[in-house]
Amino acid sequence: MDIKINLKIFIIAIIFYITKQIEMYALIMFFAIIHELGHLICGLVLGLKPKALKIMPLGISVQFKIKPEAYNKRVGKSNMLSVKKAIISLAGPITNFLIAIISYVFCNLKQIELIIYANILLGIFNLLPIYPLDGGRCIKNILRICCGNKISMIYINKISNITLILLTAMTSILILYYKNIAIAFIVCYLWGVIIIENKKFDSKMKVYKTIENYDKKHLIKT
């Protein structure tokens, strides 16, 4: 399994250190690993094999090998692979919420409050309907089953952009109130991710348009 490290992780770590929140960042990254184990175990249970591990500024991502036969079993306008991907996407946040619940029920130590907070924060953050976060991935795969690949990409692109605009407006108020620059950098990081995804989306739409134009010309000639 390939392991890749995004060098921006060091920049984010420095920012959290400057804002005196390096302990929280270390805790979040630790539970991000546990979060990803949830994805990994779920993927293994569903019969997928890990291909690569990416260490990113706000977490870790596991990529799975896809067998050609996985595309053969149809489900709605997609296939069983979309169902598996949706389930795997939810496994990570569910793992964080379970850790928070177990910590709350069985532990009475004051330090546990930080663990509960970190896991709830990770769970909610990853469930945001922004692709490629877990929430965005899950919605995209559900839409793919209901509407097909092209429509699912169009919808999740719009949902991601609208969600991030609303999130930016909300966090701007929090930044002014708490004067926490770390929140601003997290939002900036998400905007960087969205800009990259928007470029990918535009490229894919151009491919679809080219194919559709070719099909129209071909139909006219025949």
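Author: A residue is called buried here when its relative accessible area is under 20%. The model is a predicted one. By that cut-off, the buried residues of helix α4 are Ile112, Ile116, Ala118, Asn119, Leu122, Gly123, Phe125 and Asn126. An α-helix has 3.6 residues a turn, so residues three or four places apart point the same way.

Helix α4 covers residues 112–126. Its 15 residues should span 21 Å at 1.5 Å a residue, and the end C-alpha atoms are 21 Å apart, so the two values agree.

One partner of α4 is helix α2, residues 22–45. The axes of the two helices come within 10 Å and cross at roughly 60°, which makes α2 oblique to α4. The crossing of α2 past α4 is right-handed. On the α2 side the contact involves Met24, Leu27, Ile28, Phe31, Ala32 and His35, and these meet Leu114, Ile115, Tyr117, Ala118, Asn119, Leu121, Leu122 and Asn126 of α4. By class, this contact of α2 with α4 holds 11 nonpolar and 3 polar residues, and no charged ones. Ala118, Asn119, Leu122 and Asn126 belong both to this contact and to the buried residues of α4.

Helix α3 also reaches this region, through asparagine 96. Asparagine 96 is placed in α3, and it counts as buried because its relative accessibility is 0%, where the cut-off is 20%. Setting aside residues up to four places away in sequence, asparagine 96 touches Phe31, His35, Asn119, Leu122 and Gly123. Phe31 and His35 are among the α2 residues that meet α4, while Asn119, Leu122 and Gly123 are among the buried residues of α4.

Helix α3 itself runs over residues 80–106, and it packs with helix α5, residues 134–147, at an angle of about 160° with the axes 8 Å apart. An angle over 145 degrees counts as roughly antiparallel, so α3 is roughly antiparallel to α5. The crossing of α3 past α5 is left-handed. From α3 the contact takes Ser82, Val83, Lys85, Ala86, Ser89, Leu90 and Pro93; from α5 it takes Asp134, Arg137, Cys138, Asn141, Arg144 and Ile145. The classes in the contact of α3 with α5 are 6 nonpolar, 3 polar and 4 charged residues.

Serine 82 gives a local view of that contact. Serine 82 lies in α3, and at 2% relative accessibility it counts as buried. Apart from neighbours within four places in sequence, serine 82 is in contact with Asn141, Arg144 and Ile145. The C-alpha atoms of serine 82 and arginine 144 are separated by 7.3 Å, although the two residues are 62 apart along the chain.

Between α4 and α5 there is a loop that contains proline 132. Most peptide bonds are trans. The bond from tyrosine 131 to proline 132 is cis, with omega near 20°.

As for the setting of these helices, the chain has 7 helices and 5 strands. From the N terminus, the order of elements is β-α-α-β-β-β-β-α-α-α-α-α. Of the 222 residues in the chain, 38% count as buried. Taking contacts between residues at least 6 apart in sequence, 65% join residues at least 24 apart.

Key
Residues are numbered from 1 along each chain as its sequence is written. This is a predicted model: local features need pLDDT of at least 70, side-chain atom pairs count only at pLDDT 80 or more; totals for chains, interfaces and linings use all residues. Side-chain values use heavy atoms; hydrogens and water are left out. Axes are lines fitted to C-alpha atoms, for helices over the stretch in contact, and angles run from 0 to 180 degrees between N-to-C directions. Helices (H or I, at least four residues) and strands (E, at least two) are DSSP runs, numbered from the N terminus. Angles under 35 degrees count as roughly parallel, over 145 as roughly antiparallel, 65 to 115 as roughly perpendicular and the rest as oblique. A crossing is left-handed if the near helix is turned anticlockwise from the far one by less than a right angle, and right-handed if clockwise. Contact means heavy atoms within 4.5 Å. Ala, Val, Leu, Ile, Met, Phe, Trp, Tyr, Cys and Pro count as nonpolar, Asp, Glu, Lys and Arg as charged, and the others, Gly among them, as polar. The expected span of a helix is 1.5 Å times one less than its number of residues. Buried means under 20% relative accessible area, exposed over 50%, partly exposed in between (1.4 Å probe, protein chains only).
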